[in-house]
Amino acid sequence: MLKGKSILLGVTGSVAAYKAIELIRLIKKEEASVRVIMTEASQRFITPLSAEIASGGHVYRDMFDPPLSHVALPATSDLLVVAPATANCIGKYANGIADDMLSTTMMAFQGKVIIAPAMNRRMYESPQVQKNIRYLESIGVIFVGPEKGELACGEEGIGRMTGINSIMEKIRAELTEQDLAGEQVLVTAGPTREYIDPIRYVSNRSSGKMGYAIAAVAKRRGAEVTLITGPSALTPPEGVEVVRVETAAEMHQAVMDNFPMSSIFVMSAAVSDFSPAKTESSKIEKPDTLTLSLQKTKDILEEACRLKKRPYSVGFSAETGFRLDRAKKKLTAKNIDMIIFNDVTKEGSGFDKDTNEVVILNKDKSGSIVELPLPIMSKENVAAMIFDRIRMYRDKTDNE
Ligand SMILES: Cc1cc2nc3c(=O)[nH]c(=O)nc-3n(C[C@H](O)[C@H](O)[C@H](O)COP(=O)(O)O)c2cc1C
């Protein structure tokens, strides 16, 4: 996601400084370069050597080593992140004080700045810190966190640096083109549960990973996102409206409620195709054998695609084997705009995996099916390819 980007990371004198090492690792994992500036106080908490090993480069600590690096670094960086940021650092930045390597670099940087404060609750709530934060926000500085919780000093309250994943998500969003701004994206994810009795249910192996990745990518690219999710252990992406459902009938209702307001609909949930014909109101005794009578649930995507005015609609076709023919049939028979084929028996594909290998199928203006086979990649990259493809083809088809 961050490939080729250059990030400047300032680390200041907070107990949370050790978390910067993990942040460096995650930024590098996404193939971005990270150059680290450490304040003098931060070096009491972690050694520059740790940051040097994690970043694979020189750690800047002294304004005079090398001279003018406070001007050269900002000129060649896409984003400046300060994590953790002390009350002192925030105060200096808000008041134009430039007396060390980090503060001079911050003053010389003209791009976007993300600050992740970390401090004691009373420091954070002080009128001085609050005034400085309000001022910096008014000039476009982006704050992420802090969070409430147990603080290093043993107190409870607000001031803990927000999680590394939230900081990463902010970095991705700031470095991503907002090409889905103005879109209302509706995504479904996860399995559904069809109850046999109050204790037992019929379900499937879906984890929700693909749908959650689609929601995260859409949000990052500037869309307003509603995520309708079946039971999933995953944490929904920040800033996404979440509708939790359990059964296929609840998912159907939630989709229909949100459908009219959406411009793009991605049906990635693995809705149970069948549900028990009858749900018992109390626990079924344990017989030697039990025969269940199942009935078909509503085909949400098919029903939605029958509506005259509808969003650009994307479905998934999870198959066992390379049955592209079945995906093509669904695309045409259900009048879907795009379908994502994946063979769940393939290594690294399908349920509960972080990667997927898919073929994107959609219709062009003449109604012919266009195929885009993709190599195995992360589910987030699959999501990005889906939105690229939607942007490329949507205007060439007519849903009205
Ligand atoms: C043990 C200890 C922990 C500290 N933790 C924090 C902290 O989490 N946040 C903060 O704003 N200041 C904290 N301070 C105070 C800063 O280290 C101090 O204000 C320092 O001057 C900050 O310098 P810098 O902003 O240049 O890194 C701590 C100080 C000590 C001794």
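Student: Where does Pro146 lie, and between which strands?

Tutor: Pro146 lies in the loop between strand E6 (142–143) and strand E7 (147–150), where strands are DSSP runs of E with at least two residues, helices are runs of H or I with at least four, and both are numbered from the N terminus. This is a predicted model, in which local features need pLDDT of at least 70 and side-chain atom pairs count only at pLDDT 80 or more, while totals for chains, interfaces and linings use all residues. Residues are numbered from 1 along each chain as its sequence is written.

Student: What is the peptide bond from Gly145 to Pro146, cis or trans?

Tutor: That bond is cis, with omega near 5°, and the bond from Asp65 to Pro66 is cis as well, with omega near -10°. Most peptide bonds are trans.

Student: What makes Asn335 partly exposed?

Tutor: Asn335 has 17 C-beta neighbours inside 10 Å, so it counts as partly exposed. Asn335 lies in the loop between helix H12 (324–333) and strand E18 (338–343), and its phi is positive, at about 60°, although it is not a glycine.

Definitions and conventions:
A residue is buried if 20 or more other C-beta atoms lie within 10 Å of its own, exposed if 12 or fewer, and partly exposed in between; C-beta atoms are placed from the backbone.
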